[in-house]
Amino acid sequence: MDKPKHRNTVEFQVSGKYALFTDVLTRTGGERCTYMIPTYEALKGILHSVYWKPTLIWNIDAVRVMNPIRTVRKGIRPIKYVHGPKEASNDLAYYTYLEDVCYRVRAHFEWNLNRPELECDRNEHKHHNIAKRMIERGGRRDIFLGTRECQGYVEPCVFDHGTGAYDNTGEIPYSLMLHGFTYADEAECEEDRGMMTVRFWQPIMKNGVIEFLPPKDCTVKRHIKEMPIKPFGREYENFSGLEESGLDLLGGDEFELDAGTV
């Protein structure tokens with residue numbers, strides 16, 4: 001794979017005993033089955049647990065599958081939400097998980113141009129350095145590999161170093177699968193503005209590496225519902241990032257700061 005194309009690129013490794021990247025065909029049923037590879041949305045969610053700010057949008061560039069893809073089936077008793085007291089017991093369901101997973105992820109961020117009220121927080125050097133520090137510390141919040149019962153662990157890595165299980169396997173195509181969700185505040189295409197959109201694509205793993213399509217390039221998508229953009233800022237008392245201390249010590253002059261896409 002080519003070297004990083006963006007100066008604010010981050011690379012990290014996420015691993016865990018189990019993972020469940022739920023196939024949308026089994027999501028609403030009682031027995032869930034995982035995709036064989038992680039989705040763009042799942043990896044973006046992991047990065048949000050590491051470091052999230054409404055000022056920026058994380059873009060997942062690629063994922064590298066390090067361990068062999070293995071599945072395991074487990075009997076689970078999910079919580080059954082019912083109104084009648086006689087049917088309050090849990091049903092037995094069988095979930096299909098990925099076992100002993102390890103992925104290396106490369107990502108970068110761009111400014112969220114749908115939030116002009118946060119333009120003053122567009123300090124690339126600050127956010128890039130904070131993100132790298134949070135990766136070193138394992139993230140700000142708990143890491144989950146698809147679902148809450150699948151605990152994950154994040155650590156820094158070099159994307160191309162080391163030996164992966166599929167480094168010399170050529171191309172492995174996958175069928176249509178979930179790419180992710182486009183929320184109203186991250187919409188780039190005009191037809192997606194003010195909507196919640198679900199995206200699909202057909203990935204191809206090349207020697208263990210899956211390069212993701214940018215969300216705006218996914219042509220197979222569907223609008224789920226209308227969605228307003230939640231405002232952030234001092235006047236709403238829901239964003240404290242503008243008062244972060246010590247910003248003058250970050251050396252912001254190293255990068256040229258602008259309001260456009262980085």
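These are my notebook entries on what I looked up in one predicted protein model.

**Entry 1: overall layout**

I began with the secondary structure. The protein has two helices and twelve strands. I then followed the order along the sequence and wrote it down as β-α-β-β-β-α-β-β-β-β-β-β-β-β.

Next I looked up burial. The protein has 262 residues, and 46% of them count as buried. I noted an accessible surface of about 14,300 Å² for the protein. Carbon and sulfur atoms account for 49% of that surface.

I also looked up contacts. Among contacts with a separation of 6 or more, 75% are between residues 24 or more positions apart.

**Entry 2: salt bridges**

How many salt bridges are there? I noted a count of 13 salt bridges, and I followed some of them up.

I took Glu 124 and Arg 7 to start with. Their side chains meet in a salt bridge, with an N to O distance of 2.8 Å. The pair links distant parts of the chain, 117 residues apart. Glu 124 sits in helix α2, while Arg 7 is in the segment before β1 (10-19). Are these two residues buried or exposed? Glu 124 has a relative accessibility of 1%, so I put it down as buried, the cut-off being under 20%. Arg 7 has a relative accessible area of 44% and is therefore partly exposed.

I went on to Lys 221 and Asp 192. They form a salt bridge in which the closest N and O atoms are 3.0 Å apart. Lys 221 lies in strand β12 (residues 220-226) and Asp 192 in the loop between β8 (177-182) and β9 (195-201), so this pair ties together parts that are 29 residues apart in sequence. Lys 221 is partly exposed at 28% relative accessibility, whereas Asp 192 is buried at 4%.

**Entry 3: Asp 100**

I gave Asp 100 its own entry. Asp 100 is found in strand β4 (residues 93-111). Its side chain meets that of Arg 70 in a salt bridge, 3.5 Å from N to O. Arg 70 lies in the loop between β2 (56-65) and β3 (71-76), so the pair ties together parts that are 30 residues apart in sequence. I noted Asp 100 as partly exposed at 37% relative accessibility, and Arg 70 as partly exposed at 39%.

I checked the backbone of Asp 100 too. Its phi is near 55 degrees, a positive value in a residue other than glycine.

**Entry 4: Asn 207**

I looked up the backbone of Asn 207 as well. Asn 207 is not a glycine, yet it has a positive phi of about 50 degrees. Where does Asn 207 lie? I found Asn 207 in the loop between β10 (204-206) and β11 (209-211). With a relative accessible area of 35%, Asn 207 is partly exposed.

**Entry 5: a charged patch**

Which residues gather in a patch of positive charge? I wrote down Arg 133, Arg 137, Arg 140 and Arg 141. I placed one of them, Arg 141, in the loop between α2 (124-136) and β5 (143-144). Arg 141 counts as partly exposed because its relative accessibility is 46%.

Technical notes
Residues are numbered from 1 along each chain as its sequence is written. This is a predicted model: local features need pLDDT of at least 70, side-chain atom pairs count only at pLDDT 80 or more; totals for chains, interfaces and linings use all residues. Side-chain values use heavy atoms; hydrogens and water are left out. Patches are made of residues with over 30% relative accessible area and no salt bridge: like charges are joined within 9 Å, nonpolar side chains (Val, Leu, Ile, Met, Phe, Trp, Tyr) within 5 Å. Accessible areas come from the Shrake-Rupley method with a 1.4 Å probe; for residues, only the protein chains shown count as cover. A salt bridge is a side-chain nitrogen of Lys or Arg within 4 Å of a carboxyl oxygen of Asp or Glu. Lys and Arg count as positive and Asp and Glu as negative; His and the chain ends are not counted. The place of a charge is taken as NZ of Lys, CZ of Arg, CG of Asp or CD of Glu. Helices (H or I, at least four residues) and strands (E, at least two) are DSSP runs, numbered from the N terminus. Buried means under 20% relative accessible area, exposed over 50%, partly exposed in between (1.4 Å probe, protein chains only). Contact means heavy atoms within 4.5 Å.
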